[in-house]
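User: I am new to this structure. Please pick one part, look at it closely, and then show me what surrounds it.

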Amino acid sequence: MEKPIIVERQGRVVIVRLNRPAARNALNSEIMLALGNELAPLDRDPGVGCFVITGSDKAFAAGADIKEMAEKSFSEMYNDDFFAGWDRFAALRTPKIAAVSGYALGGGCELAMMCDIIFAADTAMFGQPEIKLGVIPGMGGSQRLTRLVGKAKAMDLILTGRMMDATEAERCGLVARIVPAERLMAEAFQAAETIAGYGKAATTAAREAVDRALEVGQREGILFERRLFHALFATADQKEGMAAFVEKRSPNFEGK
Ligand code: CO8
């Protein structure tokens with residue numbers, strides 16, 4: 001049987017490819033479990049500094065697997081806490097870049113939004129089309145999309161179910177960079193290597209602090225940031241990074 005995801009480590013970067021191309025990478029339970037199980041030990045590995053999550057040229061992921069859930073009852077969905085396993089992916093502490101080519105719809109768009117940065121190929125199409133299926137986003141989309149792009153655009157996308165292209169997605173703040181499709185992975189890998197080259201405590205602290213901007217009030221967020229900043233002075237990487245600057249040399253971060 002084909003593996004649901006392909007995980008490939010290149011130095012300090014881990015590339016994770018969703019691997020159901022014939023189903024446009026529809027996100028079924030196998031993909032959810034594989035992401036949770038295979039990425040957790042890598043997340044804890046101090047030698048891993050960044051994940052790049054990607055799909056195929058045609059589809060990052062065309063949503064949750066409609067065929068898997070079509071016949072389910074309310075009790076089954078509720079008792080299984082269906083989709084709760086995705087929280088494990090969202091909770092990974094290592095920085096994650098989503099490299100999106102083709103469709104990122106429904107759960108696919110939501111998976112991209114669980115990542116810290118989204119790079120979009122010029123072919124990328126984003127949307128939350130669940131309304132067309134008689135449901136609403138179920139993997140955090142109504143919350144994350146609204147925080148990322150604001151109420152006007154979120155309501156437009158979620159209520160009409162229409163898609164938006166990479167240009168619109170960048171303009172509204174969902175996407176960090178648009179890249180020609182053939183250069184998407186090279187650009188994502190380069191950014192991942194840059195991030196992975198820094199001290200892991202600092203990059204983890206940076207993403208935790210930025211996330212607080214969306215999750216708590218400004219005063220609390222600023223205090224949280226300052227305390228993390230203070231705490232980084234307990235790391236060897238801070239000493240090394242600042243000493244290297246003073247000594248006019250490149251730093252050698254060891255993740256300590
Ligand atoms: N689930 C299951 N199978 C899918 C999905 C999907 N989301 N998307 C595509 N596939 C399958 C197709 O059924 C088809 O299978 P087969 O070859 O066996 O017929 C195969 O992938 C190829 O698909 P197409 O022929 O349609 O490929 P195209 O390139 O022509 O079109 C599209 C690609 C536009 C992506 C199209 O497939 C599509 O519209 N897919 C559905 C998109 C969608 O509605 N996504 C939202 C899903 S719901 C969700 O993500 C969150 C649910 C929240 C529920 C909350 C519950 C708590």
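Analyst: N28 is buried, with a relative accessible area of 8%. That follows because buried means under 20% relative accessible area, while exposed means over 50% and partly exposed lies in between (1.4 Å probe, protein chains only). The model is predicted, so local features need pLDDT of at least 70, side-chain atom pairs count only at pLDDT 80 or more, and totals for chains, interfaces and linings use all residues. Numbering starts from 1 along each chain as its sequence is written, and side-chain values use heavy atoms, without hydrogens or water.

Where does N28 sit? It is in the loop between β2 (13-18) and α1 (29-44). Helices (H or I, at least four residues) and strands (E, at least two) are DSSP runs, numbered from the N terminus. The side chain of N28 makes a polar contact. One of its polar atoms lies 3.0 Å from the backbone nitrogen of I31. A polar contact is a pair of N or O atoms within 3.5 Å; within protein, one must be able to donate a hydrogen and the other to accept it, and residues adjacent in sequence count only if both atoms are side-chain atoms. Leave out residues up to four places away in sequence, and N28 touches R20, D65 and E68. Contact here means heavy atoms within 4.5 Å.

T235 lies between α11 (218-231) and α12 (236-246). It too counts as buried, at 15% relative accessibility. A polar atom of its side chain is 3.2 Å from the backbone nitrogen of Q238. Beyond its neighbours within four places in sequence, T235 is in contact with A201 and K256.

Now the ligand. The shell around it holds 23 residues, and the closest are A62, A64, I66, K67 and G107. A backbone N or O atom of A64 lies 2.7 Å from a ligand oxygen. For A62, a backbone N or O atom is 3.0 Å from a ligand nitrogen. A polar backbone atom of A22 is 3.4 Å from an oxygen of the ligand. On its own, the ligand has 1100 Å² of accessible area, and the protein covers 64% of that. Accessible areas come from the Shrake-Rupley method with a 1.4 Å probe; for residues, only the protein chains shown count as cover. Two elements give two or more residues to the shell: α2 (66-69) and β6 (103-105). The largest share, three residues, comes from α2.

G107, one of the residues closest to the ligand, is also among the buried residues of α5. Helix α5 (residues 107-114) is largely enclosed by the rest of the structure, because eight of its eight residues are buried.

Last, the whole chain. It has twelve helices and ten strands. Its radius of gyration is 19 Å, close to the 18 Å that the globule rule gives for 256 residues, so it is as compact as a globular protein of that length. The radius is taken over C-alpha atoms, and the rule is 2.2 Å times the number of residues to the power 0.38. The C-alpha trace spans about 60 × 45 × 40 Å along its principal axes. Of the 256 residues, 44% count as buried.

Technical notes
A residue is near a molecule or strand if one of its heavy atoms lies within 4 Å of it.
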